[in-house]
Amino acid sequence: VNLPERKMEQSSGYDFAGLIKVVYEKDQDVSTRVMDLINAKHADKLKIDDAATNIPALFHTLRKEDSALAVKVLEILVQASLTDEQTFQMCEATGVLDQVVAGVIETTSDILLMLNFLIILQTISTVPRGLKLLTQREKLHPRIHELVTHFEPSVACFAMKYIGEFTSQGAEQCSVAIEKQWIEAIGQQLTSPSAADVSLTEAALQAIGGIASTAVGLGHLMDHPSWVSAYVQCLSHSKEEVKVAFCHSLAEIFETKDSSDLLEQFFHSQFSDKADGEKKARYTTLVDMRRDFSIPVRMAALHALHALTNHKWAVMELVETVGFFDWATRRDNESEKEGMEWKFGIVQKMHAHWEAIGQLLGQKRALELKTYLKMGPFVADTSNTMPVDFEEG
């Protein structure tokens, strides 16, 4: 069956034909399969004049007959709506976006289908207009809370990643997460004895990075010491992937340049070179990971240090840390291109405070930062495969 192109041209666009036209422009094979299925099963519903009222029924038919095809259609439409306001308005007006929400809310034993709907939901949340729509869908909120503790780890992980993305968008979204107790569910995942599943721990860390990247979320996290304790303990986890996830999570928190006072309060409540005991040990572990033999761990640590140096108080504390300034201004202690780029970024941010550093270390030493930046991030000899560091400390 050929696509009804003549009818689609006559339509206003806010109907089934308009939707299929968008799909046709993105993937002709998918649109043809949809038309074949609909014509075979429900040709009577394909009426241009009132098709908008039948779109939920048509999608119900698609899901019943070929759920993978239905998901593909939704994925195409959602992707198209991200870059085109008119397509978004059409998808919202015809209920396409609510089809995705319904797919997440619906209880199903088909794990793959559930994961696909969660992925599309996360895609919707990446644009402001999509985020606004999802914030207003009250029935979605308790379902997200349920999915964080879903028996299938992959579903729970995607639910937590969605929360991290959602809350990182601003205070309003973070307030929704607090009100609906999403953050409590993540905190329980992190502190639960059953958190032996590394993928769940990684997802929880990623979510916390998004949550605490806003002042509202960080304040809420700090009000729950048990969550904070479980969070920072991941720095010394036995599994390398958890250490990596922790560092990237910490980086997301400190990449914001707002709320620097609150960030400083949070950091020094858990890390300090000038304290004793656990705080000093954690600080030393974090800073020393910049020279770790494991490339993923080292890159993650450099990401975290790069984020910390957004803040003058962190720059000055690092400069006072034994060996850190010497490491920063040497050119033979990082062999990975990514690592050189992170390190160059760290030195750039340190240089922004070179006068304060000069008062601490002397102007001559502070000018070493300018010399480093003039030479660029890369060195000629990258034959070393391990980070070399001869400084003391």
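Colleague: Why does R137 count as partly exposed?
Modeller: First, a word of caution: this is a predicted model. The relative accessibility of R137 is 21%, and buried means under 20% while exposed means over 50%. The value falls in between, so R137 counts as partly exposed.

Colleague: What makes R137 and D98 a salt bridge?
Modeller: Their closest N and O atoms are 2.7 Å apart, and the cut-off is within 4 Å. The pair therefore qualifies as a salt bridge.

Colleague: Which parts of the chain does that pair link?
Modeller: R137 sits in the loop between α9 (128-136) and α10 (140-148), whereas D98 belongs to helix α7 (residues 96-105). The two are 39 residues apart, and the pair links distant parts of the chain. As for D98, its relative accessible area is 30%, so D98 is partly exposed.

Colleague: How do you know that D66 and R33 tie together separate parts?
Modeller: Their side chains meet in a salt bridge at 3.6 Å, N to O. D66 lies in the loop between α4 (55-65) and α5 (67-83) and R33 in helix α3 (residues 28-42), so the pair ties together parts that are 33 residues apart in sequence.

Colleague: Are these partners buried or exposed, or in between?
Modeller: In between: D66 has 23% relative accessibility and counts as partly exposed, and R33, with a relative accessible area of 38%, is partly exposed too.

Colleague: Why is R290 called buried?
Modeller: R290 has 1% relative accessibility. Buried means under 20%, so R290 counts as buried. R290 forms a salt bridge with D288, with the closest N and O atoms 4.0 Å apart. D288, at a relative accessible area of 33%, is partly exposed.

Colleague: Which residues do salt bridges with shared partners join into one network?
Modeller: E138, E179 and K180.

Colleague: How many salt bridges does the structure hold?
Modeller: There are 16.

Colleague: Why is α8 called roughly parallel to α11?
Modeller: The axes of helix α8 (residues 111-124) and helix α11 (residues 153-167) cross at roughly 10 degrees and come within 10 Å. Angles under 35 degrees count as roughly parallel, so α8 is roughly parallel to α11.

Colleague: What makes up their contact?
Modeller: On the α8 side, the residues include I111, M114 and L115; on the α11 side, they include V155, F158 and Y162. The residues of this contact divide into ten nonpolar, two polar and two charged.

Definitions and conventions:
Residues numbered from 1 in each chain as written. Predicted model: local features only at pLDDT ≥ 70, side-chain atom pairs only at ≥ 80, totals over all residues. Heavy atoms only, no water. Axes fitted to C-alpha atoms, helices over the stretch in contact; angles between N-to-C directions. Helix = DSSP H or I, 4+ residues; strand = E, 2+ residues; numbered from the N terminus. Parallel < 35°, antiparallel > 145°, perpendicular 65-115°, else oblique. Contact = heavy atoms within 4.5 Å. Nonpolar A, V, L, I, M, F, W, Y, C, P; charged D, E, K, R; others polar. Buried < 20%, exposed > 50% of the residue type's maximum accessible area, 1.4 Å probe, protein only.
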